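Take a look at it first, and then we'll go through a few of its features.

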Amino acid sequence: MTYARTSWRENAACHGTDAEELFADSAAQNRAKVVCGGCPVRTECLAEALDNRVEFGLWGGMTERERRALLRRRPDVDSWRQILEIARHEHDQPPRPRAC
């Protein structure tokens with residue numbers, strides 16, 4: 001495993017959480033999403049699952065069903081990591097003033 005992969009996983013809000021909570025049925029996954037909501041590496045986690053077509057579990061706040069739907073809608077994407085990092089950067093930018 002590379003350092004980059006290890007690094008984001010160590011910073012995950014779910015680090016040390018029982019894996020069964022993240023690989024549970026849909027009702028339990030919805031409860032586990034709360035942990036993902038404030039996770040500092042949510043983007044990296046979701047990109048890992050999408051880029052590697054991880055089939056099971058909750059990754060980056062998305063269930064396997066949600067990820068499959070996203071992958072079907074955007075089959076042209078080669079690197080989810082790049083797309084998600086750009087989106088995060090744009091989201092973190094302060095809003096521009098509106099012209100009158």
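## Some ground rules

Buried means under 20% relative accessible area, exposed means over 50%, and partly exposed is in between (1.4 Å probe, protein chains only). This is a predicted model, where local features need pLDDT of at least 70 and side-chain atom pairs count only at pLDDT 80 or more, while totals for chains, interfaces and linings use all residues. Residues are numbered from 1 along each chain as its sequence is written, and side-chain values use heavy atoms, with hydrogens and water left out.

## An arginine out in the open

Arg-65 is exposed, with a relative accessible area of 64%. You'll find Arg-65 in helix H5, residues 64-73 (helices are DSSP runs of H or I with at least four residues, numbered from the N terminus).

## A tucked-away helix

Now for helix H4, residues 42-51: eight of its 10 residues are buried, so H4 is largely enclosed by the rest of the structure. The buried ones are Thr-43, Glu-44, Cys-45, Leu-46, Ala-47, Glu-48, Ala-49 and Leu-50. Just after H4 comes Arg-53, with a positive phi of about 50°.

Cys-39 is in no disulfide either, and its nearest cysteine sulfur, that of Cys-14, is 6.2 Å away.

Cys-36 is buried, at 11% relative accessible area, and Cys-39 is buried too, at 16%.

Key
A disulfide is a pair of cysteine sulfur atoms within 2.5 Å. Helices (H or I, at least four residues) and strands (E, at least two) are DSSP runs, numbered from the N terminus.
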